[in-house]
Amino acid sequence: MHQAGIILLNFNAMSFYDSIANSLSKNFNLNCHSIIPNYDINEFYSFERNQYYSTKIIEHSLLQYSKFHKILTLTDFDLFVPVLTFVFGEAQLNGKAAVVSTHRLHPEFYGLPANEKLFHSRLIKEIHHELGHTYGLRHCKNFECVMHFSSNVDEIDIKSENFCKSCLSFLNNKI
Amino acid sequence: MNNQNIKIFIVDDEQIVRDSLTHWFEEDGYQVESAVDAFDVLKDLRPGKYDIMLVDIKMPKMSGLELLEKVKEIDPDCIVIIITAYASVPSAVQALKNGAFDYVTKPIDPDELSHLIQKAIKQKTLKEENIALKKHIDEVYSFEGLIGESTEMKKVFELIKIVAPQDTTVMIRGESGTGKELIARAIHMHSPRKYYPIIPVNCGAFTETLLESELFGHEKGAFTGAQYRRKGKIEMANGGTLFLDEIGSISPKMQVELLRVLESKQFTRVGGNEIVKVDFRLISATNENLEKLVQEGTFREDLYYRVNVFTIYVPPLRERKGDIPILANHFVEKFSRAMNKVPLKISDEAMEILLRHSWPGNVRELENAIERAMVVGKPPEIRPEDLPFQLERVSHEDSDSLEEIEKVHIQKVLKKYDWNISRAATALNIDRVTLYNKIKKYGLQKT
């Protein structure tokens, strides 16, 4: 089993940590180690956009925690890359590190009542999706596959937490 | 279209934008390249190199709008999407006028970018499919079914090529079964009207009133049973070609109506008042002697001159027997595909029969004969007994030999009287012994 560093950067949904760790163990054969980082978050913060630059968070995690087989940063910060208005997460394609934001996964963000079950499902899907990229998986045409591209939460809700047959076979070869 | 086959090029002076977009598109499986300025793009741009180009409007050296113009000059099919830092209506309008597919403002909403790229790919795919389809139509249907290597048919092909691009009215003359409709279709498919329909009407198949309704259409309630307004064939041929087969058989009243449409290019539907304007090319066909009909007064002289502008005469099959082997093999291929059978070879004996037959039904008769042979014939070849006319191995019209004519005639009479020798001999006005001798001489057998 490979070792994964789970960096909890202002991550408040700790009640879900165990289920996340279980899921990564089951789906990616990863043994999770939680880490509270000691970052200067101003390095990632954009005053103009009031958002955090996901690519820089990934670069930072790589500098500090390269000993891990995979590095996953979980954060409540709203993430962006300069050309896009926001991102749910970012990953190194066929690389080591990924970051997932919970900010836009909460139903409350869209003015809807809190729904823990829905939030948990979205979070697991995004984690699987971004980690999938680190194993070399690209976006999948199968709308039920977790690797299907989602540009909004409705699209995240449509897909499942699982990989389609073809993505799973690719993933199993890489694991 | 698979994402891996789509090549996206990003032109932006900001590395951060190039990197983010490259990464974003790579996750989707696209082939992505990027450049820092317009000159980097233009140095080796050629048609088809990139499918989609995302161009920043504000760049040093050359602006995105200037680059757009140059890209469109080199590769008009490349889809260019302009990226602007802020929503500037005048520059966006200018970009669209110069041929940009769309524009997006930075930062781009992922949802918007995703849909925009999907839309661009859909347009490109549709355009490519359209081009391929038109090419396919040009290649496959232009001379479909028109086969011949004889001098006579080569002349016909030459005439088709000459007249097709003109908008001239054409008259095709020839016996039944010679392929007049195929020639009309070939003319249509080589004309500028090829992307509009060709509407064939067999004038001989309708009574006067039915033909009127068929050609001009009718309004609701125009006659008993006219429950709906119906477009006529002339209206359906708008923009394309109207093919009137057996034009010699139309009634005098319909001749007047037709002449009026040909002269004014407008008509009214049966039972209606609305004038319908039409633009079509007329191709007509007949196997009758129109000049004789004009002399007899059954075909209007003015209509004759109107439809008989450019005449193509299609020779009967008996006048171009050299085409029989190639036509027969073509039909063998055609029916083997349709029947999902292995193509049969035509045996030398069967081919000899095909070459000797007089083909009163022309190419259509040959096609039917081969179809029958393909049904009854067994691999590896079509034999004489598979042909529908093996008893008439030699047609008397085709032979100048008295003996051959006698042989065929005796065979016919024997068949007529079911090989009753006495009755056949009486009919032939010869005695029974003479008939026996002739049966022996010609090797005739009851089948």
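Strand S4 (79-84) of chain B pairs with strand S5 (residues 102-105) of chain B in the parallel sense, over four bridges. Within this pairing, B:Thr84 has B:Thr105 in S5(B) as its bridge partner. The model is a predicted one. S4(B) also pairs with S3(B), again in the parallel sense, over five bridges. Here B:Asp56 stands opposite B:Ile83 of S4(B).

| Strand pair | Sense | Bridges | Facing residues |
|---|---|---|---|
| S3(B) and S4(B) | parallel | five | B:Asp56 and B:Ile83 |
| S4(B) and S5(B) | parallel | four | B:Thr84 and B:Thr105 |
| S3(A) and S4(A) | antiparallel | two | A:Tyr45 and A:Tyr52 |

How many residues of S4(B) are buried? Five of the six are, so this strand is largely enclosed by the rest of the structure. In chain B as a whole, 32% of the 447 residues count as buried. The chain holds 18 helices and 16 strands. Among its contacts with a separation of 6 or more, 68% join residues 24 or more positions apart.

Next, the nonpolar cores. In soluble globular proteins, nonpolar side chains tend to be buried together. The largest nonpolar core here has 76 residues. B:Ile8, B:Ile52, B:Met53, B:Val80, B:Ile81 and B:Ile82 have the most contacts inside it. S4(B) gives this core its largest share, five residues. Take B:Ile52 as a case. Leaving aside neighbours within four places in sequence, B:Ile52 is in contact with B:Ile6, B:Ile8, B:Ile79, B:Ile81, B:Ile117 and B:Ala120. Another core, of 39 residues, lies apart from the largest one. Its members include B:Ile199, B:Leu215, B:Leu282 and B:Leu303.

B:Met62 sits in it, between strand S3 (52-56) and helix H3 (64-74) of chain B. B:Phe39 is 23 residues from B:Met62 along the chain, yet their C-alpha atoms are separated by 7.8 Å.

Chain B also touches chain A. The contact takes 15 residues from chain B and 14 residues from chain A. On the chain B side, helix H1 (15-27) and helix H5 (110-141) are the elements that give two or more residues. The largest share of that side, six residues, comes from H1(B). By type, the residues on the chain B side are six nonpolar, three polar and six charged.

Chain A has an open sheet of three strands in the order S3-S4-S6, with mixed pairing. Strand S3 (45-46) and strand S6 (79-80) of chain A stand at its edges. Each has a single partner strand, so one side of each is left without a neighbour in the sheet. S3(A) pairs with strand S4 (residues 51-53) in the antiparallel sense, and A:Tyr45 stands opposite A:Tyr52 in S4(A). Helix H2 (residues 54-64) of chain A lies across S4 and S6 of that chain. This helix runs at about 50° to S4(A).

Key
Residues numbered from 1 in each chain as written. Chains lettered and ligands numbered in written order. Predicted model: local features only at pLDDT ≥ 70, side-chain atom pairs only at ≥ 80, totals over all residues. Buried ≥ 20, exposed ≤ 12 C-beta atoms within 10 Å, placed from the backbone. Pairing = 2+ DSSP bridges. Contact = placed C-beta atoms within 7 Å. Core = buried A, V, L, I, M, F, W, Y, C linked by C-beta atoms within 7 Å. Nonpolar A, V, L, I, M, F, W, Y, C, P; charged D, E, K, R; others polar. Axes fitted to C-alpha atoms, helices over the stretch in contact; angles between N-to-C directions.
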